[in-house]
Each structure stands twice: as C-alpha cells, then as structure tokens.
Amino acid sequence: MTSTTFEIEGYQVVQSLGVVMGITVRSRSVIGMVGAGWQVVFGGRIGMFVTLCEKARQEAFELMLQHAEQTGGNAVVGVRYDANEIMRGVTEVLCYGTAVLVEPVA
C-alpha cells in the first residue's frame, strides 16, 4: 500500500521504519532523440518522452517498494517524486517516502 498522505484510511501505523527510495537514471537512444526532435518541430505532445518518463517513474516506484519490503514495511506513506536532468538527455528520477508497518484499525 502506498499513499501521498501520511495516513492510510482504515489502517494505523504501528511502526515507522524510515525513509525508503528508488532511483533510476534514463536516457533516450540517438534514434529516439531524432524521432522526438521531429515531434518538437511539429509541436504538441511528445509521446516518446512521455513513454520515457512513465517508464522511469514506474521503475523508481517499484525500486522504492522493494526497499520498503527489505526494511520490513508493508506500506509507504508520504510518497513523493523528484527528477533532475543530469546531463542533456539524461534524467534521474527519484521516488521516496517513509516505510511503515500498518495494521487494520479494529
């Protein structure tokens, strides 16, 4: 379970296990950059970059969940994303939150 808030409805946090994160660094191939360049020329939604961003966010999210599981957590609260361009065409995506142990509210 994950939440961008610090609570999960119907559950109570019984233990906070600390910050967990998943990080990935992605780039487009030269061919992909050329294709995206043509999309920029014509304007509108740049599907190649959207796909790249979606994959990077999903990978970072899954890595965060793995980190939470390794700490013994069964949920992550306060989930956030951060992204930075490391160099032209290379982007780092970080997904982080607090791993917690939750149980249903009685």
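A contact is here taken to mean heavy atoms within 4.5 Å. On that basis, in the predicted model described here, residues 24 or more positions apart account for 71% of the contacts in the protein chain with a separation of 6 or more. The chain has 106 residues, of which 26% count as buried. It exposes about 7,000 Å², and carbon and sulfur atoms supply 56% of that area.

The secondary structure of the protein chain comprises 2 helices and 3 strands. Read from the N terminus, these elements follow the order β-α-α-β-β. The strands form an open sheet of 3 strands with the order S1-S3-S2 and antiparallel pairing. Strand S1 (11-27) and strand S2 (75-87) stand at the edges of this sheet, each with a single partner strand, so one side of each lacks a neighbour in the sheet. From one strand to the next, the twist averages 10°.

Strand S3 (residues 90-104) pairs with S1 in the antiparallel sense over 15 bridges. Within this pairing, Ser16 stands opposite Val100 in S3. S3 is also joined to S2, by 10 bridges, and these two strands run antiparallel. Here Ala75 has Val100 of S3 as its bridge partner. S2 and S3 form a hairpin with 2 residues between them, and Gly89 in the turn has a positive phi of about 85°.

Although Val13 and Leu101 are 88 residues apart in sequence, their C-alpha atoms are 5.9 Å apart in space. Val13 touches Val100, Leu101 and Val102, when residues up to four places away in sequence are not counted.

Helix H2 (residues 47-70) lies across S1, S2 and S3 and runs at about 140° to S1. The helix has 24 residues and reaches 35 Å from its first C-alpha to its last, close to the 34 Å expected at 1.5 Å a residue. Buried positions in H2 are Leu52, Ala56, Ala60, Phe61, Met64 and Ala68. An α-helix has 3.6 residues a turn, so residues three or four places apart point the same way. The buried residues of H2 pack against S1, S2 and S3. H2 is followed by Gly72, whose phi is positive, near 95°.

The cysteines were examined with a disulfide defined as a pair of cysteine sulfur atoms within 2.5 Å. By this rule, the count comes to 0 disulfides. Cys53 has a relative accessible area of 34% and is therefore partly exposed, as this value lies between the 20% and 50% cut-offs. Cys95, by contrast, counts as buried because its relative accessibility is 0%, and buried means under 20% relative accessible area.

Terms used
Residues are numbered from 1 along each chain as its sequence is written. This is a predicted model: local features need pLDDT of at least 70, side-chain atom pairs count only at pLDDT 80 or more; totals for chains, interfaces and linings use all residues. Side-chain values use heavy atoms; hydrogens and water are left out. Helices (H or I, at least four residues) and strands (E, at least two) are DSSP runs, numbered from the N terminus. Buried means under 20% relative accessible area, exposed over 50%, partly exposed in between (1.4 Å probe, protein chains only). Accessible areas come from the Shrake-Rupley method with a 1.4 Å probe; for residues, only the protein chains shown count as cover. Two strands pair if DSSP finds at least two bridges between them. Axes are lines fitted to C-alpha atoms, for helices over the stretch in contact, and angles run from 0 to 180 degrees between N-to-C directions. The expected span of a helix is 1.5 Å times one less than its number of residues.
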